[in-house]
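Please open the model in your viewer and keep the selection panel at hand. The stops below go from a pocket to a set of charged side chains.

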Amino acid sequence: MRADGSPDPTFSGDGFNGFPLPASHSANSVALQPNGKVLIGGSVGTSGSQDFILARFENSVCTVNCFAPSREKIADFDGDGKTDLSVFRNGTWFINPSSANNPNSFYGVQFGLATDKLTPADFDGDGKTDIAVWRENVNGTFGYFYILQSLTNTFRAAQFGQTGDDPRVVGDWDGDGLADPAFYRNGASPGAPSAFFYRPSTQPSVDFVKVNWGTAGDQAVHGDFDGDRRMDAAVFRPSDGFWHVLNSSNNQLRSARWGFASDQRVTGDFDGDGRDDFAFYRDGLWAIIESSNNQPRYVNWGLSSDRVVAGDYDGDGKTDIAVYRDGIWYLLRSQQGFAAAHFGLANDRPIPAAFVP
């Protein structure tokens, strides 16, 4: 079942499954594992005694999203639930998969141009981040997504957006486990409404869905702030420092004043409650409002010139504080503590920073 209560068609072909229980047996609890499999727990009554029973649905009909983590990780190219050290350099993606556990196991994939905007996400639902870029065409009118799908190693292109749009809001907007091409379009004049556009993978015949949110001058923010595993329409308003989020789960507004226009806005689930937190980076200071308790948290980590590369580097479900400096990654991992690693060059674009303005 999806977060909104509707059947998940990727489970057992139609969203339904079951198994018979004798009269003396009962099932009274259900849990979803990180790999997407369903556990059923209950009790077995035999000759006056009670034993525990546990069953797992393997979902053998599933063809995509079977082994995906419960929440998509940023820059998880090997699908192990951890963010990978990765950089983009003049049209080549250099990736050091965390599953290899070897700093010399990196590989390079030539894909895109130096001027492209990076839009890495899991577009095919196999639990791995796909290499993807967005490019304005040569005459400066239209935008195109170019995606290298990891499930089939096939190329996919889609015309979507136009000059001036912000494609850094790609993600799963319709809740089917696949990232959707998306962009944010600012209002055409002061006070004019802005909007998010996405192309739903659940509805191939629909060209786009428009979500009106924000006004001219607002900046789009990437994230799932209500924890329903769908992208939320979210903006930051530089004029007053407010974040405005339209929750996809209930269509309700959530706002908070947090940060200045000059800050780097960071999206991540720093407290591990399944919801992205409001956070910013300013001159080495990380300031986070944890959604689990609505309390601020401050951490000094990095220099003013560092690039923010927040991600889940230890795979514990919490976003880790991390910066990139001249080819060195400085990680403050929530489970495994401090680590530093050399990967990349000073002028490379770290891929985990793809959605940070």
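Which element gives the largest share of the lining of the second largest pocket? In this predicted model, that share comes from β25, which gives 4 residues.

**The pocket**

Select Leu85, Ser98, Asn101, Arg333 and Ala341, which lie nearest the centre of the second largest pocket and belong to a lining of 19 residues. The elements that give two or more residues to this lining are β24 (328-333) and β25 (337-342). The volume of the pocket is about 410 Å³, and if you colour its lining by residue class you will find 9 nonpolar, 7 polar and 3 charged residues.

**Arginine 265 and aspartate 263**

Arginine 265 is buried but has no salt bridge, since the cut-off for one is a nitrogen-to-oxygen distance within 4 Å and the nearest side chain of opposite charge, that of aspartate 263, is 5.8 Å away. Show the side chain of glutamine 219, with which the side chain of arginine 265 makes a polar contact at 2.3 Å; then show the backbone oxygen of aspartate 263, which lies 3.2 Å from a polar atom of the arginine 265 side chain.

Arginine 282 lies in strand β19 and aspartate 263 in the loop between β17 (253-257) and β18, so the pair ties together parts that are 19 residues apart in sequence. Aspartate 263 is buried, at a relative accessible area of 4%, whereas arginine 282 counts as partly exposed at 26% relative accessibility.

**Aspartate 277**

Stay in strand β19 (residues 277-282) and select aspartate 277, which is buried and has no salt bridge, the nearest side chain of opposite charge being arginine 254 at 6.3 Å. The side chain of aspartate 277 reaches the backbone nitrogen of phenylalanine 270 at 2.8 Å, and makes a polar contact with the side chain of serine 291, also listed at 2.8 Å.

**Two further salt bridges**

The model has 12 salt bridges by the rule applied here. One of them joins the side chains of aspartate 312 and lysine 73 at 2.9 Å, N to O; the two residues are 239 residues apart, with aspartate 312 in the loop between β22 (307-308) and β23 (321-325) and lysine 73 in the loop between β3 (49-57) and β4 (85-89). Both aspartate 312 and lysine 73 are buried.

Finish at arginine 275 and aspartate 273, whose closest N and O atoms are 3.0 Å apart in a salt bridge. Arginine 275 counts as partly exposed at 29% relative accessibility, and aspartate 273 counts as partly exposed at 27%.

Note on methods: Residues numbered from 1 in each chain as written. Predicted model: local features only at pLDDT ≥ 70, side-chain atom pairs only at ≥ 80, totals over all residues. Heavy atoms only, no water. 1 Å grid on protein atoms, 1.4 Å probe; cavity = no way out; pocket = protein on both sides within 12 Å on 5 of 7 lines; lining within 4 Å. Points joined across faces, edges and corners; volume = space filled by probe spheres on them. Nonpolar A, V, L, I, M, F, W, Y, C, P; charged D, E, K, R; others polar. Buried < 20%, exposed > 50% of the residue type's maximum accessible area, 1.4 Å probe, protein only. Lys, Arg positive; Asp, Glu negative; His and termini not counted. Polar contact = N/O pair within 3.5 Å; in protein donor to acceptor, adjacent residues only side chain to side chain.
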